[in-house]
Amino acid sequence: MDNLNIRTGLRAVGKGLTVLGLAIAELVLLCLFLTAVPLIGIGLGVLLVPALAVAVRAVADASRRTAERWSGRAIENPYLPAPAAGPGLKGQWQRTHWVLTDPATWRDLAWMLVNPVVGVVVALMPLALVAAGIGGLLMPAIYRPIADAGTNYYLWIQISDLTSAWYCAALGAVLLTAGLTTGPALLRAHASLARTLLAPTRTAQRVRRLTDSRSDAVSSSAAELRRIERDLHDGAQARLVALGMNLGVAEQLLSKDPEAVRAILADTRKASAAALTELRDLVRGIHPPVLADRGLADAVRALAMDSPLDVTVNADLPGRLEAPVESAMYFAVAEALANAAKHAAPDTVSIDLWYEGGALRGQVIDDGRGGADPSRGTGLRGIERRLAAFDGLLAINSKPGGPTTLTMELPCVLS
């Protein structure tokens with residue numbers, strides 16, 4: 001073994017002792033928690049369970065961080081959001097109910113039952129192999145003092161001559177190599193087991209994703225309402241107020257200056273047309289009429305015709321879908337087209353829409369410069385938030401230099 005592997009193996013032996021320390025703490029907390037649960041019936045457990053749950057989760061988080069350091073893969077927080085518990089005994093009972101009904105709590109306890117057994121193996125097996133290996137390697141050096149003392153046995157191996165001592169040294173080298181090799185392997189296996197028991201379940205991930213998407217949807221809806229209010233106030237409302245003022249002036253000048261009235265009425269007619277256009281644009285931004293009248297495929301084709309890019313649309317939809325789902329996909333495609341025109345400078349864009357496996361799927365492919373990254377802008381994050389509100393997904397494949405492929409999926413049923 002080279003020096004790097006030796007250092008890695010020795011560090012793994014030391015880390016195994018850390019596992020053993022955590023395992024002992026987890027075993028103590030497991031016993032305390034399981035003792036506190038039956039005490040709920042007399043009220044004492046209502047106070048003890050939430051307090052012990054804090055310690056249980058802190059130690060479980062330490063195991064998660066340890067597994068992350070050793071495997072390089074993070075383990076997400078698996079716990080359900082805490083309830084808005086009130087003060088007093090009622091609030092304490094709500095916290096207790098939250099702890100006991102969270103599946104992650106029982107997965108933590110299962111880990112605390114398994115880890116002490118696994119921790120002993122992870123900690124002591126490499127340590128024992130390394131210690132035995134070092135002892136075997138030292139056998140030739142200590143053979144002569146033993147022989148001089150008249151002792152013919154060392155541990156379980158009878159030493160009759162120096163050759164036997166060198167046999168022990170060879171066996172020690174094998175044991176030492178095994179100990180230095182199994183240490184890192186056992187740590188990786190331990191991290192994999194920790195990920196199995198301490199990572200969030202699919203249900204917990206779904207609940208957390210839906211909670212986050214609901215929060216995003218509420219924030220997006222509030223922002224959209226503010227935008228509509230601002231557009232109405234600054235646009236159509238201002239024009240309608242100006243129309244009223246113009247008609248008032250025209251009414252005053254009607255008998256005195258008919259020519260001025262005619263000019264005012266002409267301006268008023270233009271202003272009313274502009275206000276009507278702004279109102280139509282506003283309605284189109286909320287829910288395009290073509291989407292409501294003709295469905296998603298024709299609405300996306302109309303969107304492609306209005307785009308400055310060379311856009312091809314291929315749609316294979318067997319029927320109308322739920323209106324909110326059609327709207328979400330329409331605006332996601334619109335945002336994707338806007339992003340492509342603004343950042344990618346593509347020559348061509350293709351849009352595919354189809355229904356498969358209980359989900360509406362869309363794919364936008366452009367041959368632009370690529371390198372699309374949700375962390376560098378709000379456009380892709382906006383698409384993700386819009387789709388997440390319906391438990392949908394966005395997959396991005398965008399290498400530098402292109403092409404860029406956005407694949408969108410929205411679970412839904414045909415109407």
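Analyst: The model is predicted. In the protein chain, the secondary structure comes to 12 helices and 7 strands. The chain has 415 residues, and 36% of them are buried. Take the contacts with a separation of 6 or more: 71% of them are between residues 24 or more positions apart.

Now the sheet. It is open and has 5 strands, in the order E3-E4-E5-E7-E6. The pairing is mixed. E3 and E6 are the edge strands, since each pairs on one side only. From one strand to the next, the twist averages 10°.

Look at the E6 end of that order. Strand E6 covers residues 393-398, and strand E7 covers residues 404-411. The two pair in the antiparallel sense, over 6 bridges. Two of the bridge partners can be traced by name. Ile396 has Leu406 in E7 as its bridge partner. Ser398 has Thr404 in E7. The hairpin of E6 and E7 has 5 residues between the strands. There, Gly401 takes a positive phi near 95°.

Next, the helices. H10 lies across E3, E4 and E5. Helix H10 runs at about 175° to E3.

Two other helices, H11 and H12, meet each other. Two packed helices are described by the angle between their axes and the distance between the axes. Helix H11 spans residues 323-344, and helix H12 spans residues 379-388. Their axes come within 10 Å and cross at roughly 170°. An angle over 145 degrees counts as roughly antiparallel. H11 and H12 are therefore roughly antiparallel to each other.

Which residues make this contact? From H11 come Ala328, Phe331, Ala332, Glu335, Ala336 and Asn339. From H12 come Gly379, Leu380, Ile383, Arg386 and Leu387. Sorted by type, the contact has 7 nonpolar, 2 polar and 2 charged residues.

In soluble globular proteins, nonpolar side chains tend to be buried together. The largest nonpolar core in this model has 33 residues. Helix H10 (296-306), strand E3 (310-316), H11, strand E4 (348-356), strand E5 (359-366), H12 and E7 each supply at least two residues of this core. H11 gives the largest share, 10 residues. Ile351 and Met408 touch the most other members.

Leave aside residues up to four places away in sequence. Met408 then touches Met329, Ala332 and Val333, and also Ile383 and Leu387. Ala332, Ile383 and Leu387 also take part in the contact of H11 with H12.

A second, separate core has 16 residues, including Leu29, Leu30, Ala36 and Ala53. Helix H2 spans residues 44-71, and Ser63 is found in it. Ser63 is buried, with a relative accessible area of 4%. Leaving aside neighbours within four places in sequence, Ser63 is in contact with Leu22, Glu26, Trp111 and Leu198. Ser63 and Ala194 are 131 residues apart along the chain, yet their C-alpha atoms are separated by 7.4 Å.

Conventions. Residues numbered from 1 in each chain as written. Predicted model: local features only at pLDDT ≥ 70, side-chain atom pairs only at ≥ 80, totals over all residues. Heavy atoms only, no water. Pairing = 2+ DSSP bridges. Helix = DSSP H or I, 4+ residues; strand = E, 2+ residues; numbered from the N terminus. Axes fitted to C-alpha atoms, helices over the stretch in contact; angles between N-to-C directions. Parallel < 35°, antiparallel > 145°, perpendicular 65-115°, else oblique. Contact = heavy atoms within 4.5 Å. Nonpolar A, V, L, I, M, F, W, Y, C, P; charged D, E, K, R; others polar. Core = buried A, V, L, I, M, F, W, Y, C linked by side-chain atoms within 4.5 Å. Buried < 20%, exposed > 50% of the residue type's maximum accessible area, 1.4 Å probe, protein only.
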